[in-house]
Amino acid sequence: MKNKAQQEMVGFVLIVVLVMVGMMVLLIVMLKSPKINSSLEVDNMLHVIMKTTTDCVISSGSRYETIEDLFISCHENRRCNNLNQQTCDYLNSTLSQVLSDIMKTEGEVEAYQFEFSPREEIPIIKIRDGNCTSKITSVAQRSVRVTSTELQIKLTLCKKQFD
Amino acid sequence: MVKAQMKIQQMAFMILAVFFFFVLVGLFFLSLVVQDLRGSAERLRAEQAISSLRVIADMTELNFDSSDTLTIDEDKLKIMSTNLSQKYSMFLPVSYIRVYKIHPSFEKEIKCPAPNCNYYELFSSNQKNTLSYSTYVSICTRVNEDGYVQNKCEIGKIYAGVIKNEK
């Protein structure tokens with residue numbers, strides 16, 4: 001009789017322990033995993049950045065390049081003829097300035113990262129600033145198709161968490 | 001007889017304990033889900049506001065290139081920032097619309113038209129208790145440089161004020 005009661009108790013304790021362990025694991029996973037959202041706001045930001053006209057002219061007599069055009073020119077290792085500068089260097093400095101100016105209007109952004117890379121290769125341009133302590137991350141991604149490959153442009157924003 | 005009653009009582013208490021335990025577990029998860037729902041609702045509200053701003057930016061009265069979205073014609077902005085836009089007050093369910101040029105950055109706000117101005121006010125109903133929503137737009141214009149006519153686009157941000165709901 002006593003033995004049976006003990007068995008029941010052990011069984012109950014086992015169930016409670018199992019449920020608790022499950023809850024703990026779930027809680028840890030929920031708290032630790034960053035929330036990566038594809039955000040309309042970041043998507044618009046990246047869209048507008050890419051449409052921006054720069055001061056770079058690739059060949060004399062042609063039009064001023066947009067940032068989107070410069071990604072292709074940078075991949076093809078071309079130069080800004082009027083500025084006597086490599087497109088990648090010019091793109092890097094222009095993007096740093098543009099992103100810095102944009103972030104001045106964003107009170108909630110704690111950190112950001114901009115990456116430009118040919119598909120599954122090491123980034124050609126990587127700009128990052130700030131320190132991300134929050135777990136709210138918004139991402140926008142675009143691809144530009146060139147003859148041989150696909151260029152990927154990715155903007156990640158880390159937003160402050162208000163409790 | 002008493003022993004059997006005791007056993008039934010013991011079992012009843014056990015069932016109650018297990019029931020309350022699972023109720024507590026359920027409440028805990030429910031609170032987590034509700035917390036996430038609030039965040040999602042807030043995010044959806046912001047995305048809806050941004051979509052509305054996109055509709056405003058893509059209106060024929062402001063749009064630069066009908067084949068592209070979020071591009072505003074600076075010449076149209078100049079015209080609309082005169083009293084003309086007041087006529088649109090009944091069509092626009094917002095308290096104000098402003099378009100800022102944000103690159104290069106500026107220290108002091110200067111309303112257009114003025115030298116080195118950095119923002120256009122298209123419409124304002126002078127409401128005080130408003131909630132501001134914004135999204136990015138390209139501010140484009142046709143320029144003639146070195147004999148070539150081309151599009152020049154800058155980075156801007158469109159802000160709209162929505163009247164706060166008093167609770």
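This is a predicted model: local features need pLDDT of at least 70, side-chain atom pairs count only at pLDDT 80 or more; totals for chains, interfaces and linings use all residues.
**Entry 1: where the chains meet**

I started with the contacts: 31 residues of chain A touch 36 residues of chain B. The two chains bury about 3000 Å² between them, with 65% of it on carbon and sulfur atoms. On the chain A side, Leu40(A), Asn44(A) and Val48(A) lose the most area to chain B, together 18% of what that side buries.

Next I looked for charged partners and found two salt bridges between the chains. In a salt bridge, Lys51(A) meets Asp68(B) at 3.9 Å, N to O. I also noted eleven residue pairs in polar contact between chain A and chain B. Which helix gives the most to the side of chain A that touches chain B? It is α2(A), with eight residues. By class, that side has 15 nonpolar, nine polar and seven charged residues.

**Entry 2: disulfides**

A handy reminder for me: a disulfide is a covalent bond between the sulfur atoms of two cysteines.

Cys56(A) is joined to Cys80(A), S to S 2.1 Å, and the link is left-handed, at -105° about the S-S bond. Cys56(A) sits in the loop between α2 and α3 and Cys80(A) in strand β2, so the pair ties together parts 24 residues apart in sequence. Both cysteines are buried.

Cys74(A) is bonded to Cys88(A); the torsion here is about 100°, so this disulfide is right-handed. Cys74(A) is in helix α3 and Cys88(A) in helix α4.

Is Cys132(A) buried or partly exposed? Cys132(A) has 40% relative accessibility, so it counts as partly exposed, whereas Cys158(A) is buried at 4%.

Notes. Residues are numbered from 1 along each chain as its sequence is written. Chains are lettered from A and ligands numbered from 1 in the order in which they are written. Side-chain values use heavy atoms; hydrogens and water are left out. Contact means heavy atoms within 4.5 Å. Buried area is the accessible area (1.4 Å probe) that two parts lose on being put together, summed over both. A salt bridge is a side-chain nitrogen of Lys or Arg within 4 Å of a carboxyl oxygen of Asp or Glu. A polar contact is a pair of N or O atoms within 3.5 Å; within protein, one must be able to donate a hydrogen and the other to accept it, and residues adjacent in sequence count only if both atoms are side-chain atoms. Helices (H or I, at least four residues) and strands (E, at least two) are DSSP runs, numbered from the N terminus. Ala, Val, Leu, Ile, Met, Phe, Trp, Tyr, Cys and Pro count as nonpolar, Asp, Glu, Lys and Arg as charged, and the others, Gly among them, as polar. A disulfide is a pair of cysteine sulfur atoms within 2.5 Å. Buried means under 20% relative accessible area, exposed over 50%, partly exposed in between (1.4 Å probe, protein chains only).
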